[in-house]
Protein chains: 2
Amino acid sequence: MRQPSTPTPPPSDRVRVRRKPDRGRYDRATIDAILDEAVIGHVGYVIDGQPYVTPTSIWRTGDRLYWHGSSASRMLRATKDGAPVCVTASLLDGLVLARSGFDHSVNYRSVMVLGRAHAVEEEAEALAALEAFVEHLYPGRWAKLRPPTRQELKATSVLWMDLDEASAKVRADGVHDEPGDETWPVWAGVVPVALAAGAPEPDEFVPDAMEEPGYVRRRGGRLTGPAD
Amino acid sequence: MRQPSTPTPPPSDRVRVRRKPDRGRYDRATIDAILDEAVIGHVGYVIDGQPYVTPTSIWRTGDRLYWHGSSASRMLRATKDGAPVCVTASLLDGLVLARSGFDHSVNYRSVMVLGRAHAVEEEAEALAALEAFVEHLYPGRWAKLRPPTRQELKATSVLWMDLDEASAKVRADGVHDEPGDETWPVWAGVVPVALAAGAPEPDEFVPDAMEEPGYVRRRGGRLTGPAD
């Protein structure tokens, strides 16, 4: 499904990680993996000088990042015509408890993508993008669903942006205390955290004999499960 | 610790939830609960017309939302002097699998706060804010830490914004199929998800005899644990 990624050019000054530059990552493998794991992205856009940040589902196909929504939504209306946007996806991986307040941190992986958003104009292309979205979260599900109607397609806008101006930032590390703090008598370490899925809850119309699909049994597919 | 909240005035047109207005919540109890559970917020700001969205730790004290960072960071430099910002916090609660692609959804709770960001100018006030940050995540920890130095304080900027222009959006529901879709032969339901904490990992300097604090034993304090 997933198309092969192309190499990324050197980062633009706008996305280069300046603070903690050792945490910056610019390779597409890292960027893609974070975008593919994130269920939700945060879309930043500007209306009358005011920034807005809207959380929404994102998915990637090849060199494009997609999101969608009602054709009537403010976010979609504000971003569809080549407006500058920033989509940020972040995954919290751990709480880092140090021996001084200032050395506390979190482990995380995040991606920031800058660029311009475009609406998918062709209906067939929008349909293919929405299929990729469902298949990304739930492999094999699209073909089993009640097919979309023209009306549903018309009410939905699909947006995309190029991934050519993107960077990742990663902290995956332990405690970094100031020299001398190590003996301070307080617990220090990492509490790992992850998005975990609980037991699936079938709705009232699912027949008793119907088996849960594998992506549901696997606790939401690509979501990280709790330590088993 | 947490100061009592004041009532919220009617939402401004900028934060009123237009899409799916039934999901809009404007009471401070709902808004505060979401902000208090979110470890990370996404701060939106504008530089030269380009929106940026930076993920960062957020915390609330009374009617103010706080975040912090290196005094040298682009995000802090761009937001500290009364610049318009948007801070959005979102919590993913579930994946909703319907019988048509278009009725798939997610359960979530999110808050969007619009306003202007200000830097905390007084050192004592910044120190109190950082104490509140640590205590929010790890109640009782601040007093046990190696106290901050002047240099650490100088290198850190604390920012805040008022919560007077904020709204929440909540979906906490099951599958909503189109009438007639209920009998379509595909599994449908909700997969609950939550940020869950794993076993704490003490660093190499923690003495064997040292007990983990309660907030670590409780799997990261206020983080939602996996279903026990």
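In chain A of this predicted model, strands 5 and 6 pair in the antiparallel sense, over 13 bridges. One facing pair in this arrangement is Thr88(A) and Met112(A), the latter in strand 6 of chain A. Strand 8 of chain A, residues 166-171, runs antiparallel to strand 6 and is joined to it by 6 bridges. Here Ser110(A) has Lys169(A) of strand 8 as its bridge partner. Strand 7 of chain A, residues 156-162, is also antiparallel to strand 6, with 2 bridges between them. In that pairing, His118(A) is partnered by Trp160(A) of strand 7.

These strands belong to a chain with 5 helices and 10 strands. Chain A has 228 residues, and 43% of them are buried. Along the principal axes, its C-alpha atoms fill a box of roughly 65 × 50 × 35 Å. Among contacts in chain A with a separation of 6 or more, 72% are between residues 24 or more positions apart.

The two chains meet through 80 residues of chain A and 81 residues of chain B. Several elements of chain A each supply at least two residues to its side of this contact, including strand 2 (40-47), strand 3 (50-61), helix 3 (123-137) and strand 9 (189-197). Strand 9 of chain A gives the largest share, 9 residues. The side of chain A that touches chain B is made up of 48 nonpolar, 19 polar and 13 charged residues. Strand pairing also crosses between the chains.

The largest nonpolar core contains 128 residues. Tyr66(A), Val113(A), Tyr66(B) and Val113(B) have the most contacts inside this core. The surroundings of Val113(B) can be listed. Beyond its neighbours up to four places away in sequence, Val113(B) touches Leu65(B), Cys86(B), Val87(B), Met161(B), Leu163(B), Glu165(B) and Ala166(B).

Ser110(B) lies in strand 6 of chain B, residues 105-119. Ser110(B) counts as buried because it has 26 C-beta neighbours inside 10 Å, and the cut-off for a buried residue is 20 or more. Its contacts include a residue of the other chain, Pro55(A). Within chain B, Ser110(B) is in contact with Ile34(B), Thr88(B), Ala89(B), Ser90(B), Ala168(B) and Lys169(B), leaving aside neighbours within four places in sequence. Ser110(B) and Ile34(B) are 76 residues apart in sequence, yet their C-alpha atoms are 6.8 Å apart in space.

Helix 3 of chain B spans residues 123-137 and has 15 residues. From first C-alpha to last, this helix reaches 22 Å, close to the 21 Å expected at 1.5 Å a residue. Its buried residues are Ala126(B), Ala129(B), Leu130(B), Ala132(B), Phe133(B) and His136(B). They lie on the same side of helix 3 of chain B because they cover an arc of only 155° around the axis. An α-helix has 3.6 residues a turn, so residues three or four places apart point the same way. The cover over the buried residues of helix 3 of chain B includes strand 3 (50-61), strand 4 (64-70), helix 4 (150-155) and strand 7 (156-162) of chain B. On the face turned away from the buried side, helix 3 of chain B carries the exposed residues Glu123(B) and Ala124(B).

Backbone angles single out two further residues. Most residues other than glycine have a negative phi. Lys20(A) has a positive phi, near 50°. Lys20(A) sits in the segment before strand 1 (24-25) of chain A. Lys20(A) counts as partly exposed because it has 13 C-beta neighbours inside 10 Å. Asp48(B) also has a positive phi, near 50°. Asp48(B) is found in the loop between strand 2 (40-47) and strand 3 of chain B. With 6 other C-beta atoms within 10 Å, Asp48(B) is exposed, since the cut-off for an exposed residue is 12 or fewer.

Methods
Residues numbered from 1 in each chain as written. Chains lettered and ligands numbered in written order. Predicted model: local features only at pLDDT ≥ 70, side-chain atom pairs only at ≥ 80, totals over all residues. Core = buried A, V, L, I, M, F, W, Y, C linked by C-beta atoms within 7 Å. Contact = placed C-beta atoms within 7 Å. Helix = DSSP H or I, 4+ residues; strand = E, 2+ residues; numbered from the N terminus. Nonpolar A, V, L, I, M, F, W, Y, C, P; charged D, E, K, R; others polar. Expected span 1.5 Å × (residues − 1). Arc of directions from axis to C-beta. Pairing = 2+ DSSP bridges.
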